[in-house]
Amino acid sequence: MGARRSLTTATARVRTAVAAAAVAAVALTTAAVPTGAAAPAAAPASAPATAARAAAVTPSPIMMTHANIYTGLNVKRFQADVRTVLAPLPDFVTYNEVPFRTDAVMAPSGYDIHRSSTNRYTSATAVAWRTDRWTMVAEGTYRLSNWRGKPPGRVTELGRRFANWVTLQDLEGRTLSVVAVHVAPNVRGMPDLARPSVTRLGGLVEKLAPSGPVLVGGDFNFHYRSSRYPSDLLSAAQLEPTFDTLGSYFATGDHHGATIDYIFNRGAGVLAPDQHFSTELNSDHDAVTAGFHWLGDAPTDTQVVTNDPSGDEAARRAVLRSLTTGIRSAQSGDVVRVVTSRLDLYFLVKELRRAAKRGVQVQFVKLGRAWAPREQKLDGLLTRRGVRGSWVRQCTRTCVQEWKGQARATTGSMNGLLQVRLASGSEVRWDTSRQFSTPLLTEASSVRVSTGAEALDEGRRLFALVARSAG
């Protein structure tokens, strides 16, 4: 089991410079703004909230719909429900009660679909996803319950239930899994399979979680506010329904106002819901849709450059070249910020001096007491000829300890910070494994180059911390 950026001219300068240093393209990075901020986790209201049934909904970065489309619907009404579900172009759809439905209808052009076709029970659930945004990297089918026999008055073995799942990767390298589930109903003549099924689901989710967040959509056949709701098992599996996270819930179909269809998220700290609503269908179940947004930078927002001290000149200077091309990209009105305990590498100091002379604001925080000659010369230049906003400050004792604590907590290990902010608002951050001194060339070194909003915000906070405390 396997478990838009728009470019201004200034932004293009950074893109060209970093690309020349074998780093990813750089662009203004803005955090995704979800539709409706997610409310803090809160106890749901004592009565169901009115379902949102707006004809037009502003989509979140990721949209998922769960649809239990009644198996007894005729073809025309079934296909109408599928069109309704797919009309907003959700990223993912989890289907229930579709053993005899056609894949090409449930996943038309622009979508792909997974389910096992072994028998009617394995094919009753399915996951569909948009192929322009997601690539399937793994898939599978997992048994949730296997109670054999037909309850009185029933024509199928209601206790045989399977989950179909896929692991998907987006265009920025983020990975998540989507699981389609339909838990057996609690009916006369067979045991209540809810708790065993959720326990099994928890096992599946545990196997998928190392690959990233897990989203589960399904008809669970227990009401959100009933005594049968297995909150202990769901909590143990770290599966949180959007009803918990967003602090509201609604009826999910023609079941006497009950809420039995869910979208669960196992992605705390990584993926968060920001909206949910239901949509009326011909089926006896409403479609349930939830919107999500990522809580961190994408893998493609970070590149790591390393040098090879035993290689040719290009290999030895790979880290240095990444740093100097970043400084060179800054022009009059831009800002270059530097934090390190030693800045005496000739090539870096030269580029900082040149930047200051062309009108760049150069701000340097020196960590520690002992000044290197080139640091003193840079200080003198910025004092005499630096543009307004340029300065050198010294951070000692308590200030250094604060820096070390914060840097260690946020990055693990960082001996040099360079952050370039263009007047256009575009920004790039470099974190080096060594001080800005000769070992950056002569010993194995690396630099992490970040353009994601989270990393940039963190870099600003770290710089502000020492800049305020420094003398």
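Visitor: What makes the order E13-E19-E18-E17-E14-E15-E16 an open sheet?

Guide: In this predicted model, seven strands follow that order with mixed pairing. Strand E13 (302-306) and strand E16 (391-395) are at the edges with a single partner strand each, so one side of each has no neighbour in the sheet. Strands here are DSSP runs of E, at least two residues, numbered from the N terminus. Local features need pLDDT of at least 70, side-chain atom pairs 80 or more, while totals for chains, interfaces and linings use all residues. Residues are numbered from 1 along each chain as its sequence is written, and side-chain values use heavy atoms, without hydrogens and water.

Visitor: How do you know that E18 and E19 pair?

Guide: Pairing requires that DSSP finds at least two bridges between two strands. E18 (residues 427-432) and E19 (residues 446-450) have four bridges, in the antiparallel sense. Thr432 stands opposite Val447 in E19.

Visitor: Why is the pair of Tyr224 and Phe243 called tilted?

Guide: Rings of Phe, Tyr and Trp (its six-membered ring) pair if their centres lie within 6.5 Å; planes under 30 degrees apart are stacked, over 60 edge-to-face, and the rest tilted. The centres of Tyr224 and Phe243 are 5.3 Å apart and the planes stand at 55°, so this pair is tilted. Both residues are buried, that is, under 20% relative accessible area with a 1.4 Å probe, protein chains only (exposed is over 50%, partly exposed in between).

Visitor: What makes Arg317 a charge over the ring of Phe347?

Guide: The rule asks for NZ of Lys or CZ of Arg within 6 Å of the ring centre and within 35 degrees of the ring normal. The charged end of Arg317 is 4.3 Å from the centre of the Phe347 ring and sits over that ring.
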